[in-house]
Amino acid sequence: MILLKEDEEKRSSNIQPPSQREGDREAVVGVSKVGREGSIDCNVEGNASADTDEAIVDITVRDLVKNFGDFTAVSHTSFDVHRGEVFGLLGPNGAGKTTTFRMLCGLLPLTSGKLSVAGVDLRTARTEARRNIGYVAQKFSLYSQLTVYENLRFYGGTYGIPARELQQRIREVMEEFDLTDRADHVAGELPGGYKQRLSMAAALIHRPKILFLDEPTSGIDPLARRSFWQQIAHLSAKGTTIIITTHFMDEAEYCDRMMIQDHGEMLVLGSPSEIRERMHMPDADMNAIFIAIVEQARAELAKEGRKPA
């Protein structure tokens, strides 16, 4: 395994790959052996400096398993996510990343293992844990018939924010996401980029510690995607922990660390630069690296005559 050190300060609000961002994080790079000799070896454990927010672990996953009958969707997965980190979940269709994501944000119960979010055990206190969570679905899931303001007032009310405080908070998130001039617009008639902004504003109305984003940039134009990642950088710099799934491999470059899964098993965990170094592909784009990792893992399975978990 390789011990790597990165800089101390958080990145600015400009979009920058992690190699150009500022953050003090030590990471031990290894790809999990997935229980097989001779396969990719890239498992990473974070070991952040004690004087930074990143020393605080917001999500702890240990030996996580999810079964649907005889089918294992997630097999014995372990990792940590630190405060203020942008953490990506990647994988081909059927890899288990969506199942992992849904367990992390409390939408799906785990079969076995340990899972805590913001210090709360999801097995025993799922409702309490979800108070610390904001969630943005892949498809627009707010009320299309309500206005921007009405949606924010409704979601703020569901979190029990007092009326006077809620009015101030609505003004803050509308300003933050450039929605003030759209306050009276019906949500269902907004352009895709503005729907995404409204979804983000609603998810953050109660100031959650952790924000879960499920394919958030699907269906929006390149300029809206750029604006989105600037917002993510800003939130991360303020200490919000971000968990994101994406099919856009170029977006993986903006994650502090990422995990790649296939057939329910973790193949890789680390920053983009760490994974490039471990895979000996320093100049490759993330799409090529992703394909190489998945193909290598599948070749090992075939060579050993084993079926996926």
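Which residues have the most contacts inside the largest nonpolar core? They are Leu152, Leu179, Leu198, Met200, Leu211, Leu213 and Ile232, in a core of 33 residues. A nonpolar core here is a set of buried Ala, Val, Leu, Ile, Met, Phe, Trp, Tyr and Cys residues joined through side-chain atoms within 4.5 Å, where buried means under 20% relative accessible area (1.4 Å probe, protein chains only). Please keep in mind that this is a predicted model: local features need pLDDT of at least 70, side-chain atom pairs count only at pLDDT 80 or more, and totals for chains, interfaces and linings use all residues. Residues are numbered from 1 along each chain as its sequence is written, and side-chain values use heavy atoms, with hydrogens and water left out.

At least two residues of this core come from each of α3 (148-158), α4 (163-176), α5 (192-204), β10 (210-214), α6 (222-237) and β11 (241-245). Helices (H or I, at least four residues) and strands (E, at least two) are DSSP runs, numbered from the N terminus. The biggest contribution is that of α5, with seven residues. Apart from this core lies another, of 28 residues, including Leu64, Leu108, Ala118 and Ile243.

Now look at the open sheet of four strands, ordered β5-β4-β7-β8 with antiparallel pairing; two strands pair if DSSP finds at least two bridges between them. At its edges are β5 (71-82) and β8 (120-121), each pairing on one side only. Strand β7 (residues 112-117) pairs with β8 over two bridges.

Key
Buried means under 20% relative accessible area, exposed over 50%, partly exposed in between (1.4 Å probe, protein chains only).
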